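Please keep the structure open while I talk.

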Amino acid sequence: MREENAIEVKDLKKQFKVYYDKGSQLKEKMLFWKRNRYENRQVLNGISFEVKKGEAVGLIGHNGCGKSTTLKLLTKIIYPTSGTVEMRGRVSSLIELGAGFHPDMSGRENIYTNAAIFGLSKREIEERLDTIIEFSELQAFIDNPVRTYSSGMYMRLAFAVAINVNADILLIDEILAVGDANFQAKCFDKLKEIKERGTTIIIVSHALGQIEQICDRTIWLQDGQIKLSGTPRDVHPKYQNYMNEMRKKMANENMDEFVPPEPEETEDEKRYGDKRVVITEVEMQNAEGKKQRAFTCGEPITIQVQFHVNEPVEKAMMGFGIFRRDGMHCYGCNTHIDNIGDLSFKEDGTVRIRLEEMDLLEGSYSLDLAIQTDLEEPIDFYREVMPFELYNSKSDIGVVRIPHSWELEEVQKE
Ligand SMILES: Nc1ncnc2c1ncn2[C@@H]1O[C@H](COP(=O)(O)OP(=O)(O)OP(=O)(O)O)[C@@H](O)[C@H]1O
């Protein structure tokens, strides 16, 4: 192992046997007796990385990509199918909340046993006991059995122990997601302090912001391999883009074929009007004209509306509205507001509304469409005609992306 390294992982592979359920009844067991009993699931497929002493590394990747498995292999809670893990120094971990806690023992007793597992002598534990209890903010409950603790209290105790054992290497799995915001902030500050002291840290987290604040490097795991490793600033935007594309793809694959219900069948408050003209088909399309129901913020979207004329109408107008799932009316406009002039519907046809940039931010939305007379009397007023999803390509927040730029005078960009 190289002198400057705290962790060396070489060609790590992990396979799990996943057993099929044959059922518990005799009939099920007989019917399925031929079924293969298990499947080998390859979770890690040869990952290698090194972590330098004092370096903080974030492990990211989609659910089930093997982040926790990697940490468990590092702590030796489980063993690899092949490959090696070498670590130098005392390891402390926060992997499974309160794993190692005995439910019937008090918080205080658990501090002793837990810290002993991390390698502290009785004297060392006694020296740190007050600090640990104080950090956990559990003074009033410290002599109660931990089975009476809430998950937040469990987490506080586990964290307080894990960070006070003066480990050389600290492994943390998604732990900062538990507990109240104040305590999370406190843990976070403590982690930064520990890092300053030179502790090597590996954090698994879905909160990229947390990783950006603490970690020098991010490793992105995918399909059992390292997809990318680099500074959080380099890796995170690529990961976010990838995840958005995946979510968008899945949302589009799962979309139901849209069939507008017959006008007569719809509830009055959702669809109403004299029905001289009716909307027969609605499609949302991306820039390539492909039918989609999930888009990336900023993308151009075309709303294609087909209509059928039961009775010709003159002096009409058409409008659309966009609502967020919580009911917020995000935008609405019509052909009058846009000075298109009166519309006349004589025969069946198509209208395309081109939204040049969909600048609403990530969320679930729905579309309203309306054909009305020039006096705004409903002809076919159709609420919630189509649900759609928007995904962010950046991590900006709020309701709508406001186009902007930065002018920097006397400020240097790093
Ligand atoms: N003991 C086990 N037996 C069988 N399969 C397992 C076992 N532990 C983990 N797995 C499988 O390994 C895969 C990776 O799990 P792991 O918990 O490492 O993922 P993860 O990246 O941490 O996911 P998440 O972000 O959801 O926490 C999953 O498909 C999981 O079902």
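This is a predicted model: local features need pLDDT of at least 70, side-chain atom pairs count only at pLDDT 80 or more; totals for chains, interfaces and linings use all residues.

Let me begin with β1 and β2, which run antiparallel and are joined by 12 bridges; within this pairing, K14 stands opposite L44 in β2.

If we widen the view, β1 and β2 belong to an open sheet of 3 strands, whose order is β2-β1-β4 and whose pairing is antiparallel. The edges of the sheet are β2 and β4, the latter covering 82–87, and each of these two pairs on one side only. On average, and ignoring direction, neighbouring strands of this sheet are turned by 25° against each other.

Against this sheet packs α2, which touches β1, β2 and β4, and the direction of α2 makes about 115° with that of β1.

Which elements each supply at least two residues of the shell around the ligand? They are β1, at 5–19, β2, at 38–52, and α2, at 67–75, and it is α2 that gives the largest share, with 3 residues.

Going through the residues themselves, the ligand is surrounded by F16, V18, R41 and V43, by G61, N63, G64, C65 and G66, and by K67, S68 and T69. Sorted by class, this shell around the ligand holds 6 polar residues, 4 nonpolar ones and 2 charged ones.

Technical notes: Residues are numbered from 1 along each chain as its sequence is written. A residue is near a molecule or strand if its C-beta atom, placed from the backbone, lies within 6 Å of it. Helices (H or I, at least four residues) and strands (E, at least two) are DSSP runs, numbered from the N terminus. Ala, Val, Leu, Ile, Met, Phe, Trp, Tyr, Cys and Pro count as nonpolar, Asp, Glu, Lys and Arg as charged, and the others, Gly among them, as polar. Two strands pair if DSSP finds at least two bridges between them. Axes are lines fitted to C-alpha atoms, for helices over the stretch in contact, and angles run from 0 to 180 degrees between N-to-C directions. Two residues are in contact if their C-beta atoms, placed from the backbone, lie within 7 Å.
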